[in-house]
Amino acid sequence: MEVMSLPGMAGLDGSCAEACWGAEAVVNKTRMPMLLSSRQQSDTEKLALLTRKVKSMPGFVSEAIEEKAILRSGSVISSTIGAAIAAMEGGDDMYRNATEWVCDRLREAYGQDLFEMLMALTSFVNDLGEEQLLQDCDSANTKFGLLLAVPLLGLFHEALPLPISCGEVNDLQVAREARYWVDYAASAYGSDDPEVIKQGSDLESVRHALGGKADVRLARLTIDGSRCPAHFLAIDTTSRCVVLAVRGSAVLADAVADALGGSAAAKEVLPEAPGVWAHGAALAGARSVLDWTRPALEEALAQHRGFRVLVTGHSHGAGVAVLCALLLELQPLPGTPQVQCFAYAPPPTIAPLSAPQIERLNVHAFVNRNDMVPRASMGSLIDLRREAMAVDRTDLTLFDRLELIRCGGGGMKGDLVEKRQKVIAAASAARALDGLFGARELPLPSLSIPGKVFWIEWPEEENQKLHRVDASQFGSLMFRGGRAVLKDHLCGSYREALSGVQARAALEAAIGRNCSKDQCTIC
């Protein structure tokens with residue numbers, strides 16, 4: 001296959017140049033129908049099929065293939081159907097090579113785990129166009145594909161203000177409890193000790209992970225062929241709690257997929273609470289977990305009268321925990337014990353927040369720095385797609401985009417600064433239009449995080465700050481912080497951050513007592 005020399009391709013080897021062939025080609029697509037005339041009906045049908053396939057590819061690939069079809073025949077007027085078919089049949093190889101080359105560059109910039117998250121996020125963004133939730137979201141109309149546009153949005157998101165704080169929280173009781181219960185959320189993933197894993201016992205795995213903090217009564221970490229999330233139940237006599245902990249998604253790509261998939265499936269109004277909508281997958285998980293654990297919960301509470309129920313989890317497990325708490329409020333256990341939930345990195349799970357059943361929930365939800373999962377909902381995904389489409393339509397070349405991604409907003413000089421500004425201006429204009437016209441046309445309610453919501457700020461690598469914020473501050477899905485966004489979602493990072501918060505609150509308490517000790521269940 002002959003290769004066109006393109007600006008910016010100097011120094012690339014043959015395979016890279018072939019992969020990116022045609023990236024700068026600008027072809028008037030009205031010329032394509034001129035290639036469709038032929039005396040051979042079968043060839044015409046074949047070309048029509050190939051044309052539809054090519055048109056589904058990102059614009060720069062389909063344009064390049066069209067250009068190739070024209071160049072091979074010598075001119076538009078004398079082009080033959082055979083030349084067009086030959087060019088288009090090479091389109092699959094060209095598209096595959098181009099995609100692989102671009103994906104390799106993204107892996108180099110972000111690493112495999114974050115690249116997989118980008119792939120998952122881009123897949124959901126593309127699906128919006130296929131489901132026609134938006135009139136302007138036709139994936140076939142993209143120039144370079146949204147896989148390149150989404151990471152470029154990070155340049156815009158980095159320039160946005162941080163969540164608006166309703167006030168820094170230095171209450172030692174809140175800090176201690178937040179740090180205390182995150183250990184339970186983390187223990188739902190089980191022990192990572194090879195010797196413990198060899199035993200194959202879920203109970204021993206949780207006991208080892210908890211470090212003897214509680215009496216583990218039930219553990220179900222190995223779920224074969226079941227949609228029920230992994231979970232365990234324990235008795236914590238120190239805090240006088242029966243604890244139900246639910247495991248979440250350990251991998252960011254899975255967590256984003258769980259959050260967005262369940263948001264899109266939120267079609268069920270809870271029969272127990274008319275008018276309340278819930279995250280579809282999390283609700284199914286919560287019902288399943290309670291089906292498995294309700295008898296054990298009732299037995300534990302009968303043995304420990306006066307204990308409250310504490311439900312916790314991380315990531316998707318946090319969303320399940322929130323809905324477990326809601327279901328336990330709607331269908332109380334014997335004795336109507338107090339139910340409290342500590343949710344770490346929860347996806348948006350419930351709507352509307354003004355519903356009386358939701359306002360009564362005792363939920364503490366925590367969002368670590370730039371964690372994407374608490375921001376992942378159908379509404380925020382639609383906004384992200386509009387911004388990504390706007391960035392895709394800029395006049396930046398393929399190599400401009402890859403260089404901006406590689407630099408990641410730092411160390412930019414010369415014309416790259418101007419090109420970064422084009423990305424910011426395009427995305428900013430798209431967001432402004434959303435705000436002006438209220439452009440979210442959602443077929444479903446936009447879900448939110450209920451209860452008291454806290455955001456963890458990292459002004460330094462330690463001395464983290466805890467802020468009380470409104471749930472609306474997490475209404476936009478952002479790709480912010482580069483590779484750090486992967487760390488921000490890990491349960492271990494929540495542990496680290498809340499240890500810093502507790503140390504800061506303890507220092508404040510030493511200066512002037514901030515802990516409501518008569519109410520604190522940890523002191």
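**Salt bridges in a predicted model**

In this predicted model, a network of salt bridges links Arg 179, Asp 183, Lys 213 and Arg 495.

Visitor: How many salt bridges does a search of the whole structure find?

Guide: The search finds 17 salt bridges.

Visitor: Why is the contact between Arg 369 and Asp 488 called a salt bridge?

Guide: The N to O distance between the two side chains is 2.9 Å. The cut-off is within 4 Å, so the pair qualifies as a salt bridge. Arg 369 lies in the loop between β8 (363–368) and α15 (378–392), and Asp 488 lies in helix α18 (residues 484–489). The pair is 119 residues apart and links distant parts of the chain. Both Arg 369 and Asp 488 are buried.

Visitor: What makes Asp 395 count as buried or exposed?

Guide: Asp 395 has a relative accessible area of 53%. Exposed means over 50%, therefore Asp 395 is exposed. The side chain of Asp 395 meets that of Lys 422 in a salt bridge (3.0 Å, N to O).

Visitor: Why is Lys 422 called partly exposed?

Guide: The relative accessibility of Lys 422 is 32%. Because this value falls between 20% and 50%, Lys 422 counts as partly exposed.

Visitor: How do you know whether Lys 419 is buried or exposed?

Guide: Lys 419 has a relative accessible area of 17%. Buried means under 20%, so Lys 419 is buried. Its salt-bridge partner is Asp 415, at 3.0 Å, N to O. Asp 415, at 45%, is partly exposed.

Visitor: What separates Asp 415 and Lys 419 in helix α17?

Guide: About one helical turn separates them, because they are 4 residues apart in helix α17.

Technical notes. Residues numbered from 1 in each chain as written. Predicted model: local features only at pLDDT ≥ 70, side-chain atom pairs only at ≥ 80, totals over all residues. Heavy atoms only, no water. Helix = DSSP H or I, 4+ residues; strand = E, 2+ residues; numbered from the N terminus. Buried < 20%, exposed > 50% of the residue type's maximum accessible area, 1.4 Å probe, protein only.
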